[in-house]
Every structure is written in C-alpha cells, then in structure tokens.
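I opened the model to look at strand pairing, a helix and the chain contacts. My entries follow.

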Amino acid sequence: MILTLTSGPEAARQGLAAVRTAFLARDMSEDAISSVQMVLAEAFNNVVEHAYGEVPGGWIELHAALERVGSGWSARFDLYDQGRAMPDDELPAGLPAEVDVATQDLPEGGFGWFLIRELTQDLHYARSDGHNHLSFRMVLP
Amino acid sequence: MNLTSSTIGPIVVIRMAESRIDATVAIQFKDEMRVLTQASNGRVVLDLSAVEFIDSSGLGAVVAAMKQMDGDRRLELSGLTPTVDKVFRLTRMDTIFTIHTDLDAATATDPA
C-alpha cells in the first residue's frame, strides 16, 4: 500500500487508522497490528514533531509491503518526508529507559526510538534531494 | 478529553474514557491528572480499561502524572489492554507502577 498524509495534529491518527484497515483486510492478527501501530505511531510523530517542527502541511508518504511467512508476516516499510534532516544525519540510539531510579528521576521521554528499535529490523535512515527516508522491516506473528 | 474521578472507599479511581493516550492528548492528560490526583493524599488508581492504544508520548504522560503526586506515592494502574500492556512491558515501565488486572483487584488489595 502507499499512503499519503499531510503533516499536522491528526496525521498520525489518520495514518494509523488507514494502516489498520488495510492490514485487517489482509487478515493480520490484532497482536501483529498492535506492533505495527506502536512503531508507526513513533515514526509518524517524529516526522510531525521534528522533521516538520509541528508546522502543518508537509508531505508524508508511507509505503508498506506485506509478505506471508508461515503463519505470520514479513513487512517492509518506507517512510518519506520533506522536513528537516535527522540531527547529525543519524538515527537516535534509542537506549532503554532507566527504571531503577528515584521516582523524581524517572524519564518522561525517549521511549520512542527504543520502541522502534526493539520492534524492527534493518532500520535505516537516508537523506537525499531534500527528502528523509526511514526504512525498516518487521517480522510479525 | 474524558478523564473522570470517583472514589471507592478511600481510593480515588480516575477513569480514562478515551481509547488513545497519544501525542494528540498527552499534554492535556498530564495537566488534568495533576488536578485530579491532588484531590487525594492516599491511593490513586488510574483505570485504563477503555484505553486501546498508548504511544511514547502517552507513556511519558502517565509517568509524569505519577511524578506530579506528592511524596513517594505510587500511581496504580488498572485494566491494561494488550497493546498498552505491551508498551509498558517492553519499556520496563511496568516495574515502576503497581498494576492491577481490574478495579476489583485494585480495590480488594492494600499494597504493602
């Protein structure tokens, strides 16, 4: 599938709803769809908040290809936008959050890239021609 | 945003009636939780049984809600649905909250 979105406060919800509908139509399980939603929510939010800096109207395009593997799926995603480049042109490390700390020192952010890295394989970022291109695969039940 | 508070005995139960805690509502959620949790200096249980999805912003807002509570009070969570449970477990944030299966379990026990 190819999904085109316009960046803004509703973009992530719209994108997730469209992907959910498309994947349900392919008989993907709820468990698999929830993993896809978790990753895409972070990826879309990053584009809306950081690539486009919360400025609405920017172009976002998601390509998704599904392949049956046994009783599960192999999914490939390519996400494109024309916003600002990733800082230092590289992906954030997405290290696990510190949980063994005092309540007041608990992190309130930084979970997004950790979730993306945890649930995806072959995560790549490239920039060319004023476009950001994030790609990754997911092995799904 | 549909966040309502009630009491079961001495326990304040806050029910999140929206199906998503995501970037769209995270800040509002955190702000409203600050007001609602201040109404009690005892146990507070956040009923998440209607929440089907939470992203990293939502997770951060729930953590922030606990940090906003006075002293060393723990925010208790109840009724985590599968996707929400998955997010808490993957990030190990399930270890910093007291998590109950449902409100019956939450109100039957008195955590040590």
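How many bridges join β4(B) to strand β6 of chain B? I counted four, and the two strands run parallel. The model is predicted: local features need pLDDT of at least 70, side-chain atom pairs count only at pLDDT 80 or more, and totals for chains, interfaces and linings use all residues. Residues are numbered from 1 along each chain as its sequence is written, while chains are lettered from A and ligands numbered from 1 in the order in which they are written.

Strands. I took helices (H or I, at least four residues) and strands (E, at least two) as DSSP runs, numbered from the N terminus. Strands pair if DSSP finds at least two bridges between them. β6(B) covers residues 75-78, and there L75(B) is the bridge partner of V44(B). β2(B), residues 11-16, is also parallel to β4(B), with four bridges. V13(B) has V45(B) as its partner.

I checked burial (buried: 20 or more other C-beta atoms within 10 Å of a residue's own, C-beta atoms being placed from the backbone). In β4(B), V44(B) and L46(B) point one way, V45(B) and D47(B) the other, and all are buried.

Helix. In α3(B), residues 82-90, I found V84(B), V87(B) and F88(B) buried. They fall within an arc of 95° down the helix axis, so they line one face. The arc is that of the directions from the axis to the C-beta atoms. Just after α3(B), R92(B) has a positive phi of about 65°.

Chains. I call residues in contact if their C-beta atoms, placed from the backbone, lie within 7 Å. 24 residues of chain B contact 22 of chain A. α2(B) gives the largest share of chain B's side, eight residues.

Note on methods: A residue is buried if 20 or more other C-beta atoms lie within 10 Å of its own, exposed if 12 or fewer, and partly exposed in between; C-beta atoms are placed from the backbone. Two residues are in contact if their C-beta atoms, placed from the backbone, lie within 7 Å.
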